[in-house]
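Please look over the sequence and the model shown below before reading on.

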Amino acid sequence: MAAQRMASWTYAENFIATSERVDAAAEAAQKLGAETVSASMGSALRMLAAAVRATHVIEIGTSAGVSGLWLMEGMSPEGVLISIDPEPENQRAARAALAAAGVAPQRTRIISGEASQVLPRMTDQAYDMVFIAGDHQGDANYVEQALRLLRPGGALAVANIPGNDRVADPAARDDTTVAIRDLAKSLRDDERLLPALLPVGDGLLAAIRR
């Protein structure tokens, strides 16, 4: 039974094919040592963006533009992606990836800086989707900011939950695992959200803002 489940999981992980431009961006991310999203997680992000008809999306963690490419595929044709990252090399790679994909420059705003400093300056309930790429040291604060920024019916997505399977292991008590576990529980129990934990990539917690 376990082998069959693993085979099904592998099938699901590889079910959606990546484009050449996503593959190129993923290769750039690997060279930079930047984390990125799998095809299964990227396709889930694309679906969420399409489901809420997103025109204004915030991404925390630009990496090399892989998640941005997936999000742009699901967003409205006039949609604008705001991507926040403190690493200039990541931003340069993302700009190159988006340009290679034919994304018009006016459809992206790549902001250099820490999300903890940028998010408080953004407008309440003005965004359709917020994607948090997985800085679990800052996630709890980012989530609170996201809930302020999201319109009712908007989508929240938090990557890397359940954190390489350690969250499910009650014996795992390191600081990072405990932080992810606590964050997941808080999102599950938050009455402002309709959440679901999706077993794609390293895990994606998705929720709709009531």
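Helix H8 (residues 175–189) has 15 residues and, at 1.5 Å a residue, should span 21 Å, which agrees with its end C-alpha atoms being 21 Å apart; the expected span is 1.5 Å times one less than the number of residues. Helices (H or I, at least four residues) and strands (E, at least two) are DSSP runs numbered from the N terminus. This is a predicted model, in which local features need pLDDT of at least 70 and side-chain atom pairs count only at pLDDT 80 or more, while totals for chains, interfaces and linings use all residues. Residues are numbered from 1 along each chain as its sequence is written, and side-chain values use heavy atoms, with hydrogens and water left out.

- The buried residues of H8 are Thr177, Val178, Ile180, Arg181, Leu183, Ala184 and Leu187, where buried means under 20% relative accessible area, exposed over 50% and partly exposed in between (1.4 Å probe, protein chains only).
- Among the elements that cover these buried residues of H8 are helix H7 (139–149), strand S5 (150–159), strand S6 (193–198) and strand S7 (204–209).

**Nonpolar cores**

- The largest nonpolar core has 32 residues, of which Leu45, Leu71, Met75, Met129, Phe131 and Leu204 touch the most other members; such a core is a set of buried Ala, Val, Leu, Ile, Met, Phe, Trp, Tyr and Cys residues joined through side-chain atoms within 4.5 Å.
- Two or more residues of this core come from each of helix H2 (20–32), helix H3 (39–51), helix H4 (66–74), helix H5 (88–100), S4, S5 and S7, and H3 gives the most, with 6 residues.
- Leaving aside neighbours within four places in sequence, Leu45 is in contact (heavy atoms within 4.5 Å) with Val37, Ser67, Leu71, Met129, Phe131, Ala157 and Leu204.
- Apart from this core lies another, of 29 residues, among them Ile58, Val158, Leu193 and Ala207.

**Asp128**

- Asp128 is placed in strand S4 (residues 127–132) and counts as buried because its relative accessibility is 7%.
- The side chain of Asp128 reaches the backbone nitrogen of Thr55 at 2.8 Å.
- Beyond its neighbours within four places in sequence, Asp128 is in contact with Val52, Arg53, Ala54, Thr55, His56, Leu150, Arg151, Gly154 and Ala155.

**Positive phi outside glycine**

- Arg53, in the loop between H3 and strand S1 (56–60), has a phi near 50°, a positive value in a residue other than glycine, and is exposed, with a relative accessible area of 70%.
- Asn160, in the loop between S5 and H8, is not a glycine either and has a positive phi of about 65°, but Asn160 is buried, with a relative accessible area of 13%.

**Overall dimensions**

- The secondary structure of the protein chain comes to 8 helices and 7 strands, and 49% of its 210 residues count as buried.
- A compact globule of 210 residues would have a radius of gyration near 17 Å, and the 16 Å of the protein chain agrees with this; the radius is taken over C-alpha atoms, and the globule rule is 2.2 Å times the number of residues to the power 0.38.
- Taken along the principal axes, the C-alpha atoms of the protein chain fill a box of roughly 45 × 35 × 30 Å.
- Of the contacts in the protein chain with a separation of 6 or more, 71% are accounted for by residues 24 or more positions apart.

Notes: Polar contact = N/O pair within 3.5 Å; in protein donor to acceptor, adjacent residues only side chain to side chain.
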